[in-house]
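Hi,

Here is the structure I promised to pass on.

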Amino acid sequence: DDDDADDRARDAATATPPARPPPPRATNGITAAGHALVTTPSLWRSVMLTHHVLAFDWDWLVAVTNKSFVRIASAFSKLQTVRLSDADVTDLEMSELVTDVGPSLQALDVRHCARVTRHTIAHMIGTCPRLARIDLRGCHAVSDACMSHLVRVCAATLVELRIDCTNLTDEFVVAMGRARLSLLEELSLYRGVNFSAKALCTLLRKLAAAASAATNREKKALVKQQQAAQQQRLALLT
């Protein structure tokens with residue numbers, strides 16, 4: 001009996017443990033289960049996230065199709081930031097997205113989205129009244145006309161503008177100078193080989209003047225607030 005017990009103990013110690021089920025298949029860094037989650041907007045709605053998510057970063061979702069991307073992003077009605085660097089999205093897909101989240105959208109990054117053209121810009125202008133930060137580097141299919149229209153319409157909100165200027169000329173630079181971009185903090189004119197030194201110098205002077213005028217307005221507004229507060233204190237004392 002003792003020998004049988006020893007044999008059973010040895011067999012248990014050397015036995016091969018049962019095989020574990022394989023993990024979900026990974027696709028470009030995303031498991032199959034994760035892929036199903038991110039491509040099913042109804043799941044997001046079921047956990048009550050759609051009204052709280054403010055930023056959407058597409059960079060890591062390289063295995064998800066464009067149609068899935070549109071469904072996901074459109075599910076979040078309060079999106080303020082959308083980053084789509086290197087995404088293979090089309091004007092049609094961008095138009096669907098912008099239509100759904102445009103009223104709340106404040107920052108759009110479509111760096112190196114080669115299929116984004118002036119049609120996306122035109123649609124964006126009419127549906128994104130709060131747009132403040134735009135990154136269009138690597139988007140070659142834009143024109144002087146559409147970009148000039150963009151800076152004119154968004155002049156009151158634009159804080160940061162990064163664009164690919166491969167196909168842009170002094171016409172766009174002049175339009176920027178006329179737009180009075182008083183809130184602009186960062187301007188990147190990527191590949192601006194067609195711009196003349198004269199046009200750029202004029203633009204810089206106008207941007208500096210617009211910033212100075214905005215500062216003066218802020219100072220005057222602050223003085224008025226201080227005067228109003230002082231009058232309220234005097235009224236309370238009397």
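Predicted model: local features only at pLDDT ≥ 70, side-chain atom pairs only at ≥ 80, totals over all residues.

The average pLDDT (the predictor's confidence in each residue, from 0 to 100) is 75 for the protein chain, and 62% of the residues score at least 70.

Residues are numbered from 1 along each chain as its sequence is written, and side-chain values use heavy atoms, leaving out hydrogens and water.

On to the overall picture. The protein chain has 9 helices and 8 strands; these are DSSP runs numbered from the N terminus, helices being H or I with at least four residues and strands E with at least two. Of its 238 residues, 37% are buried (under 20% relative accessible area, with exposed over 50% and partly exposed in between, using a 1.4 Å probe and protein chains only). Taking contacts between residues at least 6 apart in sequence, 76% join residues at least 24 apart.

Two helix pairs are worth a look. Helix α5 (residues 91–101) packs against helix α6 (residues 118–127) at an angle of about 10 degrees, with the axes 9 Å apart. That makes α5 roughly parallel to α6 (angles under 35 degrees count as roughly parallel, over 145 as roughly antiparallel, 65 to 115 as roughly perpendicular and the rest as oblique). Axes here are lines fitted to C-alpha atoms over the stretch in contact, and angles run from 0 to 180 degrees between N-to-C directions. On the α5 side, the residues in contact include Met94 and Val98, and on the α6 side His119 and His123 are among them.

For the other pair, the axes of α7 (residues 144–153) and α8 (residues 170–178) come within 9 Å and cross at roughly 10 degrees, so α7 is roughly parallel to α8. Here Asp144 and Arg152 are among the α7 residues that meet α8, whose contact residues include Glu171 and Phe172.

Finally, threonine 90 sits in the loop between β4 (81–83) and α5. Threonine 90 is buried, at a relative accessible area of 17%. Its C-alpha atom is 8.6 Å from that of alanine 114, which is 24 residues away along the chain.

Cheers

Note on methods:
Contact = heavy atoms within 4.5 Å.
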